[in-house]
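The sequence and the model come first, and the description follows.

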Amino acid sequence: MSNSDHSAEDTRFMTLAFALGRRGLGRAWPNPAVGAVIVKDGVVVGRGWTQPGGRPHAETEALRRAGSAAGRATLYVTLEPCSHHGKTGPCVDAIVAAGVARVVSALVDPNPEVAGAGHWRLAEAGVVVEVGLGAAEARRAHAGHIRRVAAGRPQVMLKLAVSADGKVARSGRRPVEITGEAARSRVYLMRSRSDAVLTGIGTVLADDPMLTSRLPGISSPARVVLDSTLRLPLASKLLRTARQVPLWVITGEAAASACQQTLAAHGVDVLRAATTDGKLDLGNVLTLLARRGITRLMVESGPILAAALLHADLIDEAALFRSRSIIGPDGIEALDGLPLSALTQSPRLKMVDTEMIEADTLEKFERA
């Protein structure tokens with residue numbers, strides 16, 4: 001196996017593989033959203049991405065489309081092909097059987113069932129294997145998969161929308177539209193690329209959100225509500241749409257079972273997590289979601305849950321939308337008991353990008 005210098009052509013085809021992989025974001029879980037491209041004599045003969053629910057894998061999709069043209073071709077793939085028997089046979093066997101001559105792979109899969117074995121098995125079968133092209137992009141693209149394997153929890157992305165004076169609502173939690181339509185559309189897209197979106201019962205009671213993607217032809221994530229005493233109203237939009245878009249309610253061990261049965265009758269999946277002083281243990285909540293296959297979790301919550309996640313060092317990415325509007329001194333701060341600078345100037349998070357979305361500004365942060 002080599003880490004040779006790659007040509008501009010190699011880089012171009014790997015970039016295409018990443019673009020294809022993004023098509024599976026929010027739909028491929030519990031598996032990573034991988035992209036694959038098969039190229040022969042400079043021409044793309046097959047392309048694939050991880051299908052909904054994680055099967056088929058990107059490599060086998062690309063091989064299926066390439067057919068016999070895969071013989072003596074190069075496969076570009078954004079994550080190491082699997083070498084273990086899961087619900088289907090190993091991708092490495094299919095790659096070898098198709099006669100692929102060379103595999104350019106962005107990253108070793110940290111999953112202990114793979115962890116380099118896929119690359120080695122290809123090399124042992126006589127396939128030229130090159131690892132590392134686009135590795136930084138691959139770590140970003142597969143951050144949810146890596147986090148779930150390494151830490152037993154999903155990659156957590158906090159989304160906040162704040163006024164120019166750092167507020168998120170009027171006093172009394174009266175909702176106010178902070179950002180413009182274009183920024184809201186971006187949020188819908190971000191939801192669609194997440195496996196699940198999480199909020200707290202306080203936000204549900206104050207805002208009655210839907211938490212769907214709202215974009216035509218684009219799927220919505222599973223919706224998760226933290227509700228330690230099962231106060232979710234039967235008339236809420238979340239409950240009324242529970243049979244169309246999955247709704248999971250995480251409650252405490254002591255919550256009334258009669259309430260659980262009522263929610264279940266409306267199509268809600270009720271999960272129980274550990275509590276501390278009557279509050280749900282956030283680490284336990286994230287472990288529970290990872291066990292259910294969630295790799296990328298978007299948090300759209302009120303100030304209390306946002307501050308609690310920040311305090312517990314459970315935020316891996318943040319998307320901060322800033323508007324030019326002013327709410328005023330009686331508005332509610334974005335982070336309960338913390339200044340906004342606790343997020344924007346945290347030593348654990350660094351700003352990686354900023355862009356204008358019409359009149360609003362989006363600042364992106366990642367774990368340092």
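Predicted model: local features only at pLDDT ≥ 70, side-chain atom pairs only at ≥ 80, totals over all residues.

Arginine 102 counts as buried, because its relative accessibility is 19% and the cut-off for buried is under 20%. Arginine 102 lies in strand E4, which covers residues 102-105. Its side chain makes a polar contact with the side chain of aspartate 10, at 2.8 Å. Leaving aside neighbours within four places in sequence, arginine 102 is in contact with His6, Asp10, Ala73, Thr74, Leu75, Tyr76, Val127, Val128 and Glu130.

**The sheet around E4**

Strand E4 belongs to an open sheet of five strands, in the order E2-E1-E3-E4-E5, with mixed pairing. E2 and strand E5 (128-131) stand at the edges with a single partner strand each, so one side of each has no neighbour in the sheet. On average, neighbouring strands of this sheet are turned by 15 degrees against each other, direction ignored. E1 and E3 run antiparallel and are joined by four bridges. Within this pairing, alanine 36 has valine 77 of E3 as its bridge partner.

Two helices can be described together with the sheet. H2 lies across E1, E2 and E3, and runs at about 140 degrees to E2. Helix H4 (residues 117-124) packs on the sheet as well, where it touches E4 and E5, and its direction makes about 150 degrees with that of E5.

**Helices H2 and H3**

Which residues of helix H2 (residues 58-66) are buried? They are Ala58, Glu59, Glu61, Ala62, Leu63 and Ala66. These buried residues pack against strand E1 (35-40), strand E2 (43-49), strand E3 (74-77) and helix H3 (91-97). After H2 comes glycine 67, with a positive phi near 60 degrees.

Aspartate 93 is placed in helix H3. It is partly exposed, with a relative accessible area of 36%. The side chain of aspartate 93 makes a polar contact with the side chain of arginine 121, at 2.6 Å. From aspartate 93 to alanine 66 the separation is 27 residues in sequence and 16 Å in space, C-alpha to C-alpha.

**Nonpolar cores**

In soluble globular proteins, nonpolar side chains tend to be buried together. The largest nonpolar core here has 38 residues, and the members that touch the most others are Leu160, Leu226, Ile250, Leu289, Leu297, Val299 and Leu335. Not counting residues up to four places away in sequence, leucine 160 touches Ala306, Ala319, Leu320, Phe321, Ala334, Leu335, Leu340 and Leu343. Another core lies apart from this one; it has 35 residues, including Leu63, Ala70, Val77 and Ile95.

**Aromatic pairs**

How many aromatic pairs does a search of the whole structure find? The search finds two. Phenylalanine 13 and tyrosine 76 form a tilted pair, 5.5 Å centre to centre and with 45 degrees between the planes. Phenylalanine 13 lies in helix H1 and tyrosine 76 in strand E3, so this pair ties together parts that are 63 residues apart in sequence. Phenylalanine 13 is buried, with a relative accessible area of 3%, and tyrosine 76 is buried, at 1%.

The other pair is formed by tryptophan 29 and tryptophan 248, and it is edge-to-face: 6.2 Å centre to centre, with 80 degrees between the planes. Tryptophan 29 lies in the loop between H1 and E1, and tryptophan 248 in strand E10 (residues 247-252), so the pair ties together parts that are 219 residues apart in sequence. Tryptophan 29 is partly exposed, with a relative accessible area of 21%, whereas tryptophan 248 is buried, at 8%.

**Backbone exceptions**

Most residues other than glycine have a negative phi, and most peptide bonds are trans. The table lists some exceptions.

| Site | Feature | Value |
|---|---|---|
| Tryptophan 29 to proline 30 | cis peptide bond | omega near 15 degrees |
| Arginine 55 to proline 56 | cis peptide bond | omega about -10 degrees |
| Leucine 230 | positive phi | about 55 degrees |
| Aspartate 313 | positive phi | near 55 degrees |

Proline 30 is in the loop between helix H1 (8-22) and E1, and proline 56 is in the loop between E2 and H2. Leucine 230 lies in the loop between strand E9 (222-226) and helix H9 (237-240); leucine 230 is buried, with a relative accessible area of 9%. Aspartate 313 is found in the loop between helix H12 (303-311) and strand E15 (317-322), and counts as partly exposed at 28% relative accessibility.

Methods:
Residues numbered from 1 in each chain as written. Heavy atoms only, no water. Core = buried A, V, L, I, M, F, W, Y, C linked by side-chain atoms within 4.5 Å. Buried < 20%, exposed > 50% of the residue type's maximum accessible area, 1.4 Å probe, protein only. Contact = heavy atoms within 4.5 Å. Polar contact = N/O pair within 3.5 Å; in protein donor to acceptor, adjacent residues only side chain to side chain. Pairing = 2+ DSSP bridges. Axes fitted to C-alpha atoms, helices over the stretch in contact; angles between N-to-C directions. Phe/Tyr/Trp six-rings, centres within 6.5 Å; stacked < 30°, edge-to-face > 60°.
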